[in-house]
Amino acid sequence: MSNSEHLATVMVNAFIDAVERGVDLVPVVADSTSTAKISPFIQRFPDRLVNVGIAEQTLVGTAAGLAIGGKIAVTCNAAPFLISRANEQIKVDVCYNNTNVKLFGLNAGASYGPLASTHHSIDDIAIMRGFGNIEIYAPSCPVECRQIIDYALEHQGPVYIRLDGKALPFLHDESYRFVPGNIDVLREGEDIALVAMGSTVHEIVDAAAHLADRGISAAVISVPSIRPCDTQTLLAALKRSKAVISVEEHNINGGVGSLVAEVLAEAGCAIPLRRLGIPDGEYAIAADRAATRKRHEIDAASVARHAEQLCAKAEQE
């Protein structure tokens, strides 16, 4: 097995396995068969795919109709177009009406790199958190991704799954068991807690290893389950450290950084927090992943630098 896998490939394999075990699943695409890497599904089940063309509002409305008709409808297209162009349909047709639609936001964050802000999705979690009645997940590795998808297909009700556009390394083995709401503590630490969702979990894993070499004990906390979220367990994990840094390829408002800030503030917990992501009022730069993350200080080296600064400040106080 390769040490990494594209999450869209994981998604398609999950769909094929679901249909083969009798799940009445229908993928809906908006001329996004290439983005969704869904050719293997089409070859296996040529009559099960609905392609509405470049019409994201129709995509979501069609999925809602299929769900009302008893199908398990899954939408497969790029996150920026799904969330922005079909915003009202997601809010009304899917969330408000509680239809059994699974929304897959592909190539989320700044996965499209040089294609710039038209193709970046750095506000999707913020938008989805503003909608009621939909579960929200952001897997960080292929094993976790597969288990989230399998859960979503069994769950009755709307689900949004944010998928990165690059192949991601494995963080878990087959003994891992995803549970909705659970916080995933990948590494214990007492000096500082590093918190991330999705693909930036790999940045904090690397940052923690660097910090360990510098004598700094960093906890690594992945939040794959944005809603539901066991906020009491998250708070307990955060309180074991003297400072916290959140890291996301998303605007710092409305994503995992906001979630962490809310948890700390509502508990009256005065632990210093630094939110790293796309800054307030800015767009992600048009560049490849390495350059983008370095520029916005969400790469492992930048995270480690910020952690050292926060730890030094905490010691002085």
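Hi everyone, let's start with an open sheet of five strands, ordered β9-β11-β10-β13-β14 with mixed pairing. Here two strands pair if DSSP finds at least two bridges between them, and strands (E, at least two residues) and helices (H or I, at least four) are DSSP runs, numbered from the N terminus. At the edges sit β9 (184–187) and β14 (273–278), each pairing on one side only. On average, neighbouring strands of this sheet are turned by 25° against each other, direction ignored.

Before I go on, a word on the model: it is predicted, so local features need pLDDT of at least 70 and side-chain atom pairs count only at pLDDT 80 or more, while totals for chains, interfaces and linings use all residues. Residues are numbered from 1 along each chain as its sequence is written, and side-chain values use heavy atoms, with hydrogens and water left out.

Back to that sheet. Strand β13 (residues 244–251) runs parallel to β14, joined by five bridges. What is the bridge partner of N251 in β14? That would be I278. Helix α9 (residues 231–238) packs on this sheet, touching β9, β10 (192–196), β11 (218–222) and β13, where contact means heavy atoms within 4.5 Å. The direction of α9 makes about 165° with that of β11; axes are lines fitted to C-alpha atoms, for helices over the stretch in contact, and angles run from 0 to 180 degrees between N-to-C directions. Helix α12 (residues 300–316) also packs on the sheet, touching β10, β13 and β14, at about 145° to the direction of β13.

Now the other sheet, please. Seven strands form an open sheet, in the order β3-β2-β4-β5-β7-β6-β12, and the pairing is again mixed. Its edges are β3 (50–51) and β12 (225–227); each has a single partner strand, so one side of each is left without a neighbour in the sheet. Strands β6 (residues 135–137) and β7 (residues 159–162) run parallel, joined by three bridges, and I136 has Y160 as its bridge partner in β7. Helix α3 (residues 56–68) packs on this sheet and touches β2 (25–29), β3, β4 (72–78) and β5 (101–106), its direction making about 165° with that of β4.

Last, the lining of the largest pocket. A pocket here is an open set of points on a 1 Å grid over the protein atoms alone, where a 1.4 Å probe fits, with protein on both sides within 12 Å along at least five of seven lines; lining residues have an atom within 4 Å of a point. Among the lining residues are F81, R85, H120, D123 and Y283. Thanks, and I'm happy to chat!
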